[in-house]
Number of protein chains: 2
Amino acid sequence: MNFKVTPWEVEGKIDYDKLIEFFGVNKIDETLLEQFKRFVKGDLHVLLRRGYFFAHRDLDRVLNDLKNGKKFFLYTGRGPSGPMHIGHLVPFIFTKWLQEKFDANVYIELTDDEKFLEPKRKLSLEETRKWAHENILDIIAVGFDPEKTFIFQDTEYIRHMYPLALKIAKKINFSQVKAVFGFKNETNVGLIFFPVLQMVPTFFEDKNCLIPAAIDQDPYWRLQRDIADSLGKSKSSQIHSKFLPPLTGLEGKMSASKPETAVYLTDDEKTVKEKIYKYAFSGGQPTVEEHRKLGGNPDIDVSFQWLRFLFEEDDKKIKKIEEDYRSGRLLTGELKDILIEKLNNFLINHRQRREKAKELVNIFKYEGRLAREMWNKIFE
Amino acid sequence: MNFKVTPWEVEGKIDYDKLIEFFGVNKIDETLLEQFKRFVKGDLHVLLRRGYFFAHRDLDRVLNDLKNGKKFFLYTGRGPSGPMHIGHLVPFIFTKWLQEKFDANVYIELTDDEKFLEPKRKLSLEETRKWAHENILDIIAVGFDPEKTFIFQDTEYIRHMYPLALKIAKKINFSQVKAVFGFKNETNVGLIFFPVLQMVPTFFEDKNCLIPAAIDQDPYWRLQRDIADSLGKSKSSQIHSKFLPPLTGLEGKMSASKPETAVYLTDDEKTVKEKIYKYAFSGGQPTVEEHRKLGGNPDIDVSFQWLRFLFEEDDKKIKKIEEDYRSGRLLTGELKDILIEKLNNFLINHRQRREKAKELVNIFKYEGRLAREMWNKIFE
């Protein structure tokens, strides 16, 4: 494969079909989508119906169990290594939708320990915790139910997870984390232990655990599924997303260290406009004349892909944009303007909600109904 | 070497001089004992003056710093894998004496996590925590100052240690724990991480940390001393004990899985008598006639060694016992009777104090002055 997808590195142009095969996950096909539709009154989220969430493990089991009255809970997370960009927000947007549709509890883990332990990050623990705080504001702004959502940081919630973490840790040896995560003899002992803490929340409830997350996290869930039985617990289920393509083209993922690849949630209107104009990889022709004549290619055009996955939910409108662009009626600049307007509207709203989120942090972390329950539990 | 000393295994007849060389520690020599004496008004503990605590790292530094007004704190611990025998109690007896003489805070870590993670133990986490509770009663019975002693279990205190643990963990890789502890690819990731938690308490105060413990724990402190500088913290100092010889002879150490090797703190008077009569390895001759003629060998006689190290503190009396035994005046049975009486007295008193300890558990763990301070701190 000429691309690489691990929890710590994403490189190259990802062939998602190959990845499905390589990871041994299942494609979310039409049959499964039809099944899903029945639970949401036909209202499939744009991220599902346009294939951004494209693969799964045992999603069919979760839906079947649901038919038989067995509910599920949702679990996702964030490695707080810096400011969040638009791509980071996508799994949360989808998770929030699932919470609404299925009335499910949501657990959101901030791995402030992991991001400190990763040597290449060069972040102090103080910094990862500061980012955890910042990121939590963005996550809350997505609109989760404050009584049914528990947001926690590993360094704060560890005492409640540690006994269960020990039981998981005893089932996993160095050979296994070496094989699954590519750890080496030079890997620090904190990072060697860390995967255990990402597995603990999959056992937070005695229901099915459904994890909406980007597919690079799959190695954790493979390991979880290997050991769940031996602990007398359930294998977790996953619903895997693609990566929102970086502005610069369809290779790799947006990177905090390359600001030209990403739009940050803090980017103001002017910055967004400049970034899209300057960096958004275009599927258009070099000149207006050629474009009018030959048409553009929306499949490789990042502005179009962003609109398709996230910012133009209306199926008729997106179809028209696609046709107009392919035919040459819509110019690259015009396409970019559509995205810029949608994106800036989204960000303006997001930042308003983020301001309000500051007053909600304590609810999500400590005082909401679910949070209170969680601080009274110790997982064994 | 035809013996083995690791935190998890002690086998063969230990040559303590060779061990000093092999571990690269220092012998506690007469000069150091003289220096020590000045701090305790000439009153050296029997365990020091008879060489039970026989080796150290940087004890001279601790004493020098003390001269210059820099105090130290004491740290020791217990792996709660079962009931405690008389040998387990020795480091606590000595630590309690140090606390009294130097007015030092004492931190006692119960590694309920480690003993669960050790695969050969086959203990559930519930069991190691039950043993932690039982062992804490024996430890309190030794007589520590309830306002200056903090007793804690890893599974309970983890949240307060975890941030600092992460900083330590980031400095230590798999190669290092492999070299120092003999970990293998098959070692579980919990045990790989665990040494970090045994190192955290060495940084509990901004003073010198002095650790009285059996010498098998030295690998932890070697690693601590390797990484302390890079964290901008102090290397810990150790005062290492030998092992109280098992009843069955001078090889190995007392073992919970071989009841004939040990006297448990719960053994009643009759059991103690039977065990000493039946199992205590004797340096005497096969018949009374030969013994009277040739004399016994106290150097290999376990009853004599137990008296010497622990139960006969009077130097004149122990000298007389030794001479009488060596000359043949004192028979093996008579020597054993002396030990039995002393040992049973000790155990009767211990069990009375252990009963009273039940009311003190909350003080040592949560409510005493030092304990309260510790629950208000998070180590970063």
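Predicted model: local features only at pLDDT ≥ 70, side-chain atom pairs only at ≥ 80, totals over all residues.
**View 1. Seven strands of chain A form an open sheet.** Reading across the sheet, the order is β3-β4-β9-β8-β5-β6-β7 (chain A), and the pairing is mixed. Where does the sheet end on either side, that is, which are the edge strands? They are β3 (26-27) and β7 (149-153) of chain A, each of which pairs on one side only.

**View 2. Domain 1 and domain 2 of chain A meet.** Chain A is divided into domain 1, covering 4-247, and domain 2, covering 259-355. Taken over C-alpha atoms, the centres of these domains of chain A are separated by 29 Å. Where they touch, 18 residues of domain 1 of chain A are in contact with 21 residues of domain 2 of chain A. On the domain 1 side, the elements that give two or more residues are α3 (46-49), α5 (86-102) and α7 (125-141) of chain A. Which of them gives the most? Here we meet α5(A) again: with four residues, α5(A) gives the most to this side of domain 1. By class, the residues on this side of domain 1 of chain A are 14 nonpolar, two polar and two charged.

**View 3. Helices α12 and α16 of chain A pack against each other.** Helix α12 (residues 269-279) and helix α16 (residues 332-357) of chain A pack at an angle of about 150 degrees, and their axes are 10 Å apart. Because of that angle, α12(A) is roughly antiparallel to α16(A). Their crossing is right-handed. From α12(A), the residues Glu269(A), Val272(A), Lys273(A), Ile276(A) and Tyr277(A) meet Lys336(A), Leu339(A), Ile340(A), Leu343(A), Asn344(A) and Leu347(A) in α16(A). Sorted by class, this contact has seven nonpolar, one polar and three charged residues.

**View 4. Helices α15 and α17 of chain B cross.** With axes 9 Å apart, helix α15 (residues 302-311) and helix α17 (residues 332-357) of chain B pack at an angle of about 40 degrees. The angle therefore makes α15(B) oblique to α17(B). Is the crossing of α15(B) and α17(B) left-handed or right-handed? The crossing is left-handed. Ser303(B), Phe304(B), Trp306(B), Leu307(B) and Phe311(B) are the α15(B) residues in the contact, and they meet α17(B) residues including Leu335(B), Ile338(B), Leu339(B) and Phe346(B). The contact of α15(B) with α17(B) has nine nonpolar, one polar and two charged residues.

**View 5. Chain B touches chain A.** Chain B and chain A contribute 27 residues and 27 residues to this contact. On the chain B side, α6 (112-117), α8 (154-169), α9 (174-181) and α10 (189-193) of chain B are the elements that give two or more residues. Look for α8(B), which gives the most, with eight residues. The residues on the side of chain B that touches chain A divide into 15 nonpolar, seven polar and five charged.

Note on methods: Residues numbered from 1 in each chain as written. Chains lettered and ligands numbered in written order. Domains from an automatic or database assignment. Contact = placed C-beta atoms within 7 Å. Nonpolar A, V, L, I, M, F, W, Y, C, P; charged D, E, K, R; others polar. Axes fitted to C-alpha atoms, helices over the stretch in contact; angles between N-to-C directions. Parallel < 35°, antiparallel > 145°, perpendicular 65-115°, else oblique. Left-handed = near helix turned anticlockwise from the far one by under 90°. Pairing = 2+ DSSP bridges.
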